[in-house]
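Q: I would like to go through this structure with you. Could you take my questions one at a time?
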Amino acid sequence: MENTQWAYENLRSVHLELSTLCNSICPWCPRYVDFSPNVNPNIVEGAYTLERFKRHFPRDFIQQIEFWTFAGDYGDPCTCPEILDIIEYILSIKDCKMQINTNGGMRNTKFWQQLGELMRGSPDETYTQYQKRYVIFSVDGLEDTNHIYRRNVKWHKVISAMETYSDSGARGIWEFLKFKHNEHQKEEVLQIGKKLGFPVRFKNPNGFEGAPMPAKDKDYNISYEIHPAKWPRDGDGTLVTIPIKPIEATDKQLDFIKMINADDVKYKDVAHILEQPRSGCINCQAKTFGAGNEIRINHDGTVWPCSFFGHLSSKYLKGRIVSVVHQFQALGILEGIQNNLDNNTLKEILDNDPFRKVYESWDDNSVLLCSHSCGQEQNTMEKIYERPTNGR
Ligand SMILES: C[S@@+](CC[C@H](N)C(=O)[O-])C[C@H]1O[C@@H](n2cnc3c(N)ncnc32)[C@H](O)[C@@H]1O
Ligand code: SF4
Ligand code: SF4
């Protein structure tokens with residue numbers, strides 16, 4: 001099979017994690033350990049500088065990229081002190097598309113004004129720029145509810161950021177994770193979104209791992225629990241509570257996870273158990289994310305096939321059940337690859353064809369992460385945005 005998707009010359013989109021810093025403590029976020037406020041020991045806290053960005057991404061590469069996403073998993077891009085300089089630098093080379101995901105609760109109004117001006121482009125071009133670049137504000141409620149999932153985020157900062165950004169004329173989108181504690185605010189959110197000029201996308205959160213989502217303190221005691229929103233019942237659409245699906249794992253699977261958690265197993269010794277052929281075909285979403293052919297780069301400089309791999313790469317899962325095997329296999333099949341931009345150029349990295357095992361697995365669906373994220377039956381993105389009954 002030929003590597004066309006992750007060939008350097010064919011890349012058109014980059015998902016780059018600009019920062020591993022954050023003002024929020026969202027319980028399910030992989031920046032933290034096990035729903036607590038304790039920072040994941042697998043990550044190094046920090047943010048991209050313009051100087052490091054220039055080293056990792058040469059001008060001709062920036063020319064070729066049509067869509068940059070600044071989101072990541074272990075931090076918020078707007079905590080990156082040099083984000084404006086980085087965006088300005090990219091736009092001085094290429095008038096490209098851009099998406100930024102943020103909780104909106106940091107920085108001052110001057111920052112949001114400047115970000116808006118950059119995202120919007122020059123006033124004459126406002127209409128065309130409007131189609132190109134946008135900020136997604138991840139705001140899961142209003143003054144009395146947003147902080148329940150977005151722990152530590154101050155409402156007055158968020159609303160002031162959204163208003164200032166909106167006043168600049170740039171395009172914004174409001175993404176709202178639905179929970180039991182905020183679902184009654186849907187109409188009010190749509191009204192405020194309309195005033196801001198932001199379309200609102202309601203999303204179904206992850207994080208219900210066989211139980212309500214715990215918001216834990218630093219000693220791993222549960223401070224409070226977060227419950228899922230209701231779902232429209234098939235047929236008449238009445239909103240009903242759907243019980244949280246228990247974790248489906250056999251004793252054999254649980255023993256396997258225990259073994260992985262105990263660190264006494266090497267991937268190569270159990271690869272034959274995990275790399276089983278499965279039915280169904282894969283529809284790789286990295287082919288269509290952004291402007292297509294997307295690559296994912298974490299703040300530590302590591303290059304991954306997509307955001308699903310990037311999300312799991314450093315997640316701290318000791319003692320957990322969900323995603324443990326997926327992570328073990330994902331890291332196992334990529335073990336030994338040279339994928340750090342601090343040591344090699346992106347071209348050098350990709351010329352070595354590091355993700356061969358990933359795309360070759362699509363023939364028989366033998367990589368669990370690909371199968372569960374992009375297999376026919378389980379499309380994670382679709383699940384987040386649409387599918388009501390497909391397990392939480
Ligand atoms: C980890 S965040 C990083 C970007 C930024 N800090 C933010 O929160 O928007 C990446 C994306 O994950 C989303 N997210 C956070 N918690 C989630 C959850 N429990 N379920 C689904 N998506 C979630 C965020 O809303 C955002 O769109
Ligand atoms: S705002 Fe984003 S990065 Fe920060 S804790 Fe929440 S999900 Fe994680
Ligand atoms: S999980 Fe696999 S199939 Fe899905 S986007 Fe990533 S590399 Fe492609």
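Q: Which residues in H9 meet which in H12?
A: In this predicted model, Ile257, Ile260 and Asn261 of H9 meet Val324, Val325 and Phe328 of H12. Two residues are in contact if their C-beta atoms, placed from the backbone, lie within 7 Å. Helices (H or I, at least four residues) and strands (E, at least two) are DSSP runs, numbered from the N terminus.
Q: And by class?
A: The contact of H9 with H12 has five nonpolar residues, one polar and no charged. Ala, Val, Leu, Ile, Met, Phe, Trp, Tyr, Cys and Pro count as nonpolar, Asp, Glu, Lys and Arg as charged, and the others, Gly among them, as polar.
Q: Now the ligands: which residues are around ligand 2?
A: Around ligand 2 are Cys22, Ser24, Ile25, Cys26, Cys29, Arg31, Gly75, Asp76 and Asn103, where near means a C-beta atom, placed from the backbone, within 6 Å. Four of these residues are nonpolar, three polar and two charged.
Q: Which come nearest to ligand 1?
A: Of the 17 residues around ligand 1, the nearest are Asp76, Asn101, Ser138, Pro205 and Asn206. Strand E3 (97-102) and strand E5 (171-177) each give two or more residues to that shell.

Note on methods: Residues are numbered from 1 along each chain as its sequence is written. Chains are lettered from A and ligands numbered from 1 in the order in which they are written. This is a predicted model: local features need pLDDT of at least 70, side-chain atom pairs count only at pLDDT 80 or more; totals for chains, interfaces and linings use all residues.
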